Amino acid sequence: MNILAIDCSASLCAACVYDAAAERELGRKVLDLGKGHAEHLMAVIDEALNAANIAFPDLGRVAVSIGPGSFTGVRVGVSAVRGLALALNIPAVGVTTLEALAAETRDKLGPRNVLAALDGGRGEIQAAVHDEAGAVLFAPAVIDLNRATELAAQFSPALAGTAAQMIASAMPSHEFSLGPLVTTADIAVYARLAAAKEPGEKPKPLYLREPDAKPQAGFILPRSS
């Protein structure tokens with residue numbers, strides 16, 4: 001089965017094609033955009049398919065990062081994957097950025113608990129803990145640094161993500177192994193995780209907090225009776 005995975009959850013606009021039976025990547029395209037994922041995503045997908053030398057009808061599944069991450073980027077990626085799944089009549093699977101970071105950490109360090117944590121700003125940390133097999137020990141949530149250190153003390157994990165060093169620095173008496181200190185995992189990790197999941201509900205964005213931009217009350221139209 002060929003899987004197309006895409007990730008727009010951070011600054012990257014990434015796509016790859018993965019052969020689940022052979023457990024190998026066939027082709028990829030990754031752009032570091034910052035913004036503008038919607039304008040570039042379909043071209044990125046086309047280049048990944050061309051690199052893999054396959055076409056849309058050759059796909060058996062599509063996968064996407066569902067966040068946490070950029071509100072706009074996650075929405076773009078999820079919408080694109082749901083549209084492709086509908087058009088191609090194939091399953092769509094969502095993978096969180098936190099489980100992907102945890103998996104990439106285990107790839108690097110070996111089986112172990114992993115606390116994947118992203119710096120959300122304003123004292124917020126978006127975090128989850130997964131065990132050595134990838135099962136969830138602490139579900140994705142917005143926490144503060146104190147709670148993050150409690151989780152680190154409780155599970156003795158490796159640390160990954162942009163808040164990893166912050167957590168390690170707050171616990172100088174502990175020694176932590178570190179995974180990727182980035183906002184999102186390599187795109188092939190998403191594809192590999194999606195291959196192992198049973199398709200279920202359609203992917204939807206994982207928003208752990210409200211967006212920064214909110215409509216002004218004066219511009220909200222009243223409901224018509």
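**Helix crossing and strand pairing in a predicted model**

Helices H1 and H2 are oblique to each other, the class left for angles that are not under 35 degrees (roughly parallel), over 145 (roughly antiparallel) or 65 to 115 (roughly perpendicular). Their axes come within 10 Å and cross at roughly 45°. H1 covers residues 37-52 and H2 residues 71-88. Axes are lines fitted to C-alpha atoms, for helices over the stretch in contact, with angles from 0 to 180 degrees between N-to-C directions. The crossing of H1 and H2 is right-handed; that is, the near helix is turned clockwise from the far one by less than a right angle. His37, Ala38, Leu41 and Ile45 of H1 make the contact with Val76, Ala80 and Leu84 of H2. Contact means heavy atoms within 4.5 Å. Of the residues in this contact, six are nonpolar, one is polar and none is charged. Ala, Val, Leu, Ile, Met, Phe, Trp, Tyr, Cys and Pro count as nonpolar, Asp, Glu, Lys and Arg as charged, and the others, Gly among them, as polar.

The model is predicted: local features need pLDDT of at least 70, side-chain atom pairs count only at pLDDT 80 or more, and totals for chains, interfaces and linings use all residues. Residues are numbered from 1 along each chain as its sequence is written, and side-chain values use heavy atoms, without hydrogens and water. Helices (H or I, at least four residues) and strands (E, at least two) are DSSP runs, numbered from the N terminus.

Strand S1 (residues 2-7) is largely enclosed by the rest of the structure, because six of its six residues are buried. Buried means under 20% relative accessible area, exposed over 50%, and partly exposed in between (1.4 Å probe, protein chains only). Asn2, Leu4 and Ile6 point one way from S1. Ile3, Ala5 and Asp7 point the other way.

A hairpin of four residues links S1 to S2. Ile6 stands opposite Ala15 in S2, and its bridge partner in S4 is Val64.

Leu26 lies in strand S3 (residues 24-32). Leu26 is partly exposed, at 22% relative accessible area. Leaving aside residues up to four places away in sequence, Leu26 touches Asn2, Val17, Tyr18, Asp19, Ala51 and Ala52. The C-alpha atoms of Leu26 and Pro172 are separated by 43 Å, with the two residues 146 residues apart along the chain.

Terms used: Two strands pair if DSSP finds at least two bridges between them.
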